[in-house]
Amino acid sequence: MSLKAPATDPDFVKPLDPREFEQFRELAHRTFGLDLKAGKEELVSARLRKLVRGGGFRSFQDYYRSIVQDRSGESLHAMIDALATNHTSFLREADHFQFLRETVLPGLNSPSLNSNSPLEIWCAACSTGEEVWSLTMVLNEALPGRKVRIHASDISNKALTFAQRAVYPLERCRGLSAPWLARYFIPDGRPPTGYQVAPSVRAQAAFRRINLVESYSWPQAFPVIFCRNVMIYFDRATQEKVIAGLTRHLEPGGYLFVGHAESLTRVGHSLEYIRPAVYRKPGKNGARWNRS
Ligand SMILES: C[S@@+](CC[C@H](N)C(=O)[O-])C[C@H]1O[C@@H](n2cnc3c(N)ncnc32)[C@H](O)[C@@H]1O
């Protein structure tokens, strides 16, 4: 235990007090929907402490003030990066990929599948990219020769930069089969310390920053949207707003995949329940869909 007097310790930061916690709680909720419940004080303090120290601040209050005064938005983005949970993995919630392959893709009618227009899917809140590449690989396997485009988004610039570089340490590649590693990745380093997604696969994805609680637009509607494991961090009103936005960008008959921990039973929406964590926009008359 340090015996240094706080005032002379260059690393000393005054502990987060309840009023400061409330300020961060309100800021995080207003700017990116995060619902920090009472009891999350330690988490907030632990996740922000590095930024407080790194900025040379002696208190969370000073750090908070610097965020709200920073017109560039950079400090706010750094706070969001620090508070958001980025956990993800390849083929996470594997039954979704199976359902996509076995039920959703065959439902897309074949003239459309043979056409030259790419099959475009939106992967929202994609974090560090494992979900994006999982989708790309599943589509390439299921629809060989078909043009595929994954539009990927996240609020975090840091996560998006990682996703685009697409280099994953060995332990994060464990869920991938040897044939997929050989087909879709290139070893990173010699001996390899990880794998990088192959350039041909990376070329099938486009990334942009989207904050799901703010307004955004796409030039087209999607037949499939993945938006998984982000709404668990939102309160009900925010979830409703986010679902409404996603629904607007689904084509009639299109599917929305959410995380298995994100049942929409208590959330108002206009989607049809298909199976756990899979919903569909009513109106299968979209030309793209086989009638079923
Ligand atoms: C736990 S990860 C989920 C990653 C992936 N979808 C999955 O299921 O494995 C949650 C992601 O949501 C992003 N996120 C949090 N709030 C967001 C918001 N308001 N808009 C867009 N993305 C957000 C975070 O940056 C993080 O990358």
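## Burial and overall build

Of the 292 residues in this predicted model, 49% count as buried. The protein carries 11 helices and 10 strands. Its C-alpha atoms fill a box of roughly 75 × 50 × 30 Å along the principal axes.

The accessible surface comes to about 14600 Å². Carbon and sulfur atoms make up 53% of that area.

## Helix α11

Helix α11 covers residues 236-248, 13 residues in total.

Several positions in α11 are buried: Thr238, Gln239, Val242, Ile243, Gly245, Leu246 and Thr247. An α-helix has 3.6 residues a turn, so residues three or four places apart point the same way.

What covers the buried residues of α11? The cover includes one helix, α1 (18-32). It also includes the strands β1 (119-124), β7 (222-227) and β8 (250-257).

## Confidence

The mean pLDDT of the protein is 93. A value of 70 or more is reached by 93% of the residues. Over residues 1-5, the pLDDT is below 50. Beyond near neighbours in sequence, that stretch has two contacts in the model.

Note on methods
Residues are numbered from 1 along each chain as its sequence is written. This is a predicted model: local features need pLDDT of at least 70, side-chain atom pairs count only at pLDDT 80 or more; totals for chains, interfaces and linings use all residues. Side-chain values use heavy atoms; hydrogens and water are left out. Helices (H or I, at least four residues) and strands (E, at least two) are DSSP runs, numbered from the N terminus. The expected span of a helix is 1.5 Å times one less than its number of residues. Buried means under 20% relative accessible area, exposed over 50%, partly exposed in between (1.4 Å probe, protein chains only). Contact means heavy atoms within 4.5 Å. Accessible areas come from the Shrake-Rupley method with a 1.4 Å probe; for residues, only the protein chains shown count as cover. pLDDT is the predictor's confidence in each residue, from 0 to 100.
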